[in-house]
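Dear colleague,

I am passing on the structure we spoke about, and below it you will find notes on what came out of it. Please read them with the model open beside you.

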Amino acid sequence: MDRSLRERLTELYRRLLRVYGPQNWWPIDPEYHRRHGSDPREEIVIGAILTQNTSWRNAERAIENLKRAGALSLKGVRELPAERLGELVKPAGFFRRKVAYLREVAQKLDPIDVVEKIDREQLFRIRGIGRETADVILLYAGGRPFFVVDSYTKRIVFRTFGVKGGYEELRRWFEGNLPPDVELYREFHALLDEHAKRRCLRNPLCGGCPVEELCGFPSGNP
Ligand code: SF4
């Protein structure tokens with residue numbers, strides 16, 4: 001990426017932050033964990049599994065059920081009977097598969113401090129953890145500078161900069177062109193998602209878009 005493109009990427013971040021404000025992603029409920037003596041990072045790991053192949057809204061409904069059952073922790077996931085766990089996470093869809101994945105991560109990421117040092121490749125060996133889920137866990141639970149790429153991210157960088165690629169290419173593209181700053185990565189990923197949901201839709205609302213002048217899409221020249 002040349003210097004001007006790097007500057008445009010940084011400017012994209014600044015403008016999204018100015019327009020949408022800090023997203024403070026990943027959402028967790030510190031009060032719940034304070035009351036139950038659990039670690040908020042466990043909620044991030046559980047949420048990362050529950051949101052696979054579904055909207056965050058559906059994942060949230062499952063998280064609320066786990067909270068009501070006092071089981072929003074890796075210990076809770078391990079100890080609940082599978083049938084009961086399945087009932088609670090049903091709103092997130094694919095519930096049988098997600099029960100199996102939750103059980104697996106609850107075994108393998110115990111104690112949760114392991115997220116601070118585990119290799120990315122080791123995470124891939126845990127059933128239910130692919131690239132995006134691994135990077136969510138590393139970035140948001142582990143506090144480590146891995147950029148999370150999803151379909152919204154792909155859409156925006158293609159339209160804005162004409163950059164296209166698979167997961168690893170795009171992750172490296174971001175990491176190669178931004179400082180290794182965990183807070184920046186957390187916020188930028190969330191802002192891209194917000195922008196994709198509000199404006200950079202499948203049929204984008206380019207007129208008046210806050211990053212229109214940085215974006216090549218309206219002129220057909222990314
Ligand atoms: S100008 Fe259009 S394509 Fe570019 S970021 Fe904004 S909404 Fe998306």
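In this predicted model, the ligand sits in the largest cavity, where a cavity is a set of points on a 1 Å grid over the protein atoms alone at which a 1.4 Å probe fits but cannot get out, and sitting there requires more than half of the ligand's atoms within 2 Å of its grid points. Around the ligand there are 13 residues, each with a heavy atom within 4 Å of it, and the closest are His-195, Cys-200, Cys-206, Cys-209 and Cys-215.

The chain has twelve helices and zero strands, taken as DSSP runs of at least four residues (H or I) and at least two (E) respectively. With a C-alpha radius of gyration of 18 Å, close to the 17 Å from the globule rule (2.2 Å times the number of residues to the power 0.38), the chain is as compact as a globular protein of 222 residues. Of these residues, 50% count as buried, meaning under 20% relative accessible area with a 1.4 Å probe, protein chains only.

An unreviewed UniProt entry annotates residues 50-198 as "domain: HhH-GPD", although such annotations may be inferred rather than shown by experiment; that span is 65% helix and 0% strand.

Residues are numbered from 1 along each chain as its sequence is written. Local features need pLDDT of at least 70 and side-chain atom pairs pLDDT 80 or more, while totals for chains, interfaces and linings use all residues, and side-chain values use heavy atoms, leaving out hydrogens and water.

Best regards

Key:
On a 1 Å grid over the protein atoms alone, a cavity is a set of points where a 1.4 Å probe fits but cannot get out, and a pocket is an open set with protein on both sides within 12 Å along at least five of seven lines; lining residues have an atom within 4 Å of a point.
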